[in-house]
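Reader: Could you walk me through this model before I set anything up? I would like to go topic by topic.

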Amino acid sequence: MSENKIEFIATSEALEALCTRLAGETFLTVDTEFMREKTYYPELCLVQIAGADDVAVVDAMIPGMDLAPLGRLLAKPDVAKVFHACRQDVEIFLNLFDAVPTPLFDTQVAAMVAGFGDQVGYDSLVQALTGGHIDKAHRFSDWSARPLSKSQINYAAADVTHLREVYEKLQAKLEKEGRLEWVREEMAMLTKPETYRVDPERAWERLKIRSHNRRQLGIARAIAAWREREAQRINIPRGRLLKDEQIPEIASLAPASAEVLAKARGVSAGFANGKSGASLLTAIAEAKALPDTDLPKPERQRDAPKASPALVSLLKVLLAAAAEKNNVAPRLVAGSDDIESLALDETAPNPVLEGWRREMFGETALRLIRGQIALSTQGKRIKIVELNCKAVPESAPEQPQ
């Protein structure tokens, strides 16, 4: 692939001209540089974009820069948008243009389907597929600082120049192996806006609070939702308001006054008596007034049925064997929660029973659960053994005479 001159875009007119040229491409490689240490929403600094002949670095921080032409280009349905590990980049464009770039292709996901392991890094993938090397000198640059050096611009551009060849080689490999449809199924999830937007009412779920007190859980849910909305309003990282570990502690205190709120670890009197403290106390009061029917249930009730640990372990062995046979990253096929859910109830909705996952692993997993197959070893690999007889029930213990 020939070398391309890097164009540094610093005016709205130059960006408009670039997007007009790129509109006729079959695919574009895209990346961003951003800062997020002090804000809730990522602060876009640069957009790197490349076609067959164009390589450009767009300075998104130029005062008055009109990025609308870029939004229109990213929405063109006949131009594929290629990213590596796209989630944070897509979140930025969704916030800017209220739309996910489409059609979308993530080379990290594609690499997992193609057998390059779990969440393969960009530099490793570039080396494996192109023999190239990524200069890491500016990996931790402050991309919001101006002016940018020539070496910073070259570093940023390298993220999209190598990506063209990575994309083409992955496409060819996946097409040859008949797995492009697998990638398309994965991209369907990545093109949904809800994948990137946090629902404040569900923010508490990621905290994994170990409590069976439903009222306390209801207050924790309200605090987590308040934190999410307040962080968005002020545009600061959620942890700057309250750290995760503070939420269950405040929920257990269930404060009704600023004085009590200030007793929680890490909560200052200034915060408790300020505007944010007042709105937090209001959210807590509303949660305390909820009827019991509206309170969340513990993640797992004490008396809830649990999957057999032995069966879960057996299914994980089968997953590892299926992933090894098909040269696919196991994590892409199924997570631990998926396996436990399948072991507990094979009729419940489960990603491993849909699309290519069912074909590669899910159907065989069901046969293992139903006692139609067994696992053995052959050499140093796992072997599936067909069983032609019904599963034999466990023998009942002998009764004392």
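Author: What follows is a short walk through the domains, the ring pairs, a helix packing and some backbone details.

Reader: Before that, what kind of model is it, and which domains does the chain have?

Author: It is a predicted model, and the domain assignment divides the chain into domain 1 with residues 6-195, domain 2 with residues 200-289 and domain 3 with residues 309-386.

Reader: How many Å separate the centres of domain 2 and domain 3?

Author: Taken over C-alpha atoms, the centres of domain 2 and domain 3 are separated by 40 Å.

Reader: Let's turn to aromatics. How many aromatic pairs does a search of the whole structure find?

Author: The search finds 8 aromatic pairs. In one of them, phenylalanine 27 and tyrosine 167 have ring centres 4.5 Å apart and planes at 50 degrees, so this pair counts as tilted. Because phenylalanine 27 belongs to strand E2 (residues 27-35) and tyrosine 167 to helix H6 (residues 150-176), the pair ties together parts that are 140 residues apart in sequence.

Reader: Are phenylalanine 27 and tyrosine 167 buried or exposed?

Author: Both phenylalanine 27 and tyrosine 167 are buried. They also belong to a cluster, in which ring pairs link Phe27, Phe105 and Tyr167.

Reader: And tryptophan 143 with tyrosine 155, is that pair stacked or tilted, and why?

Author: That pair is stacked, because the ring planes of tryptophan 143 and tyrosine 155 are at 20 degrees, with the centres 6.0 Å apart. Tryptophan 143 sits in the loop between helix H5 (122-130) and H6, while tyrosine 155 is in helix H6, 12 residues apart. Tryptophan 143 has a relative accessible area of 2% and is therefore buried, and tyrosine 155, with a relative accessible area of 10%, is likewise buried.

Reader: Changing topic, at what angle do helix H14 and helix H16 pack?

Author: Helix H14 (residues 309-326) and helix H16 (residues 336-344) pack at about 125 degrees, and their axes are 9 Å apart. H14 and H16 are therefore oblique to each other, and their crossing is right-handed.

Reader: Which residues of H14 and H16 meet there?

Author: From H14 the residues are Leu311, Val312, Leu315, Lys316 and Leu319, and they meet Ser336, Ile339, Glu340 and Ala343 of H16.

Reader: I always check omega as well. Where are proline 103 and proline 147 joined by a cis peptide bond?

Author: The bond joining threonine 102 and proline 103 is cis, with omega about -10 degrees, and proline 103 lies in the loop between helix H3 (87-97) and strand E6 (104-106). The bond from arginine 146 to proline 147 is also cis, with omega near 5 degrees, and proline 147 is in the loop between H5 and H6.

Reader: What about phi at lysine 208 and alanine 254?

Author: Lysine 208 is not a glycine, yet its phi is positive at about 55 degrees; it is placed in the loop between helix H7 (180-190) and helix H8 (214-234), and at 49% relative accessibility it counts as partly exposed. Alanine 254, again not a glycine, has a positive phi of about 45 degrees, and its place is the loop between helix H10 (246-253) and helix H11 (258-261).

Reader: Last one, where is alanine 285 found?

Author: Alanine 285 is in helix H13 (residues 275-288) and is partly exposed, with a relative accessible area of 44%. Its C-alpha atom is separated by 44 Å from that of aspartate 31, 254 residues apart along the chain.

Terms used: Residues numbered from 1 in each chain as written. Predicted model: local features only at pLDDT ≥ 70, side-chain atom pairs only at ≥ 80, totals over all residues. Heavy atoms only, no water. Domains from an automatic or database assignment. Phe/Tyr/Trp six-rings, centres within 6.5 Å; stacked < 30°, edge-to-face > 60°. Helix = DSSP H or I, 4+ residues; strand = E, 2+ residues; numbered from the N terminus. Buried < 20%, exposed > 50% of the residue type's maximum accessible area, 1.4 Å probe, protein only. Axes fitted to C-alpha atoms, helices over the stretch in contact; angles between N-to-C directions. Parallel < 35°, antiparallel > 145°, perpendicular 65-115°, else oblique. Left-handed = near helix turned anticlockwise from the far one by under 90°. Contact = heavy atoms within 4.5 Å.
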